[in-house]
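This report examines selected residues of one protein chain. The sequence and structure are shown first, and the description follows.

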Amino acid sequence: IAVSAVPPYPLYQGAQVLFRSNDRGAHWKTISPDFAARGDEAKNCGGDPDATQAQACGYGVIFSIGLSPRDNDTVWIGTDDGRVRLTRDAGKTWSDVTPKNVPVWAKISTVDVSAIDAGTAYIAVDNHRQDDFTPRAWRTRDYGQSWNSIAGGLPPGQFVGVVRADPVKRGLLYAGTDRGVFVSFDDG
């Protein structure tokens, strides 16, 4: 669930689709396609599918929502099957802007949208469900067209659960791992 800081302060709820309410939850509208739709080629969906099969079988859901502090048209979502998607027109169209090195079935734990710089967002990626504790975090400055890893100074063996940009001081980032909190003074 996320609440916009921009009037009329819509509410968002993630599931397989993204819902939006402009009247405090009295009515909801679906503003995205089914991001967890089962692919036509999906096979072996019963039992215990591997990560690639699970993604094709439609097991993923929206796990994180990043809202623009400037408008209600720009919404980022992260799924628990390793995808990042973006709309810049209030859900009419969506783009897959996932960084190339995000593992299949890694969880996009957070999407944090910069309050200072338009087009800048940060993601924390958690892949410990697959026994991979590598710290992973990325930054984009161009609405997801390109991404840079910002996990270089984080300790090995600690997966990242959250990355947040300071809303006032450019370049000040906070990262929470499964074992501690870390700070960067140079935008990661």
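Arg179 touches Gly157 and Gln158, where contact means heavy atoms within 4.5 Å and residues up to four places away in sequence are not counted. The model is predicted: local features need pLDDT of at least 70, side-chain atom pairs count only at pLDDT 80 or more, and totals for chains, interfaces and linings use all residues. Residues are numbered from 1 along each chain as its sequence is written, and side-chain values use heavy atoms, with hydrogens and water left out.

**Arg179**

Arg179 is found in the loop between strand 14 (173-177) and strand 15 (181-184); helices (H or I, at least four residues) and strands (E, at least two) are DSSP runs, numbered from the N terminus. Its relative accessibility is 58%, so Arg179 counts as exposed. The classes are buried (under 20% relative accessible area), exposed (over 50%) and partly exposed (in between), using a 1.4 Å probe and protein chains only. From Arg179 to Gly91 the separation is 88 residues in sequence and 36 Å in space, C-alpha to C-alpha.

**Thr98**

Thr98 sits in the loop between strand 8 (95-96) and strand 9 (107-113). Is Thr98 buried or exposed? Thr98 is buried, because its relative accessible area is 15%. With residues up to four places away in sequence left out, Thr98 touches Gly82, Arg83, Val84 and Trp147.

**Polar contacts**

The table lists polar contacts of these two residues. A polar contact is a pair of N or O atoms within 3.5 Å; within protein, one must be able to donate a hydrogen and the other to accept it, and residues adjacent in sequence count only if both atoms are side-chain atoms.

| Side chain | Partner | Distance |
|---|---|---|
| Thr98 | Asp96, side chain | 2.6 Å |

**The disulfide**

A disulfide is a covalent bond between the sulfur atoms of two cysteines. Here it is assigned to a pair of cysteine sulfur atoms within 2.5 Å, and the count comes to one disulfide. Cys45 and Cys57 form it, with their sulfur atoms 1.9 Å apart. The pair, 12 residues apart, links distant parts of the chain: Cys45 is in the loop between strand 4 (29-30) and helix 1 (51-56), and Cys57 is in the loop between helix 1 and strand 5 (62-67). The torsion about the S-S bond of Cys45 and Cys57 is about -85°, so the disulfide is left-handed. Both Cys45 and Cys57 are buried.
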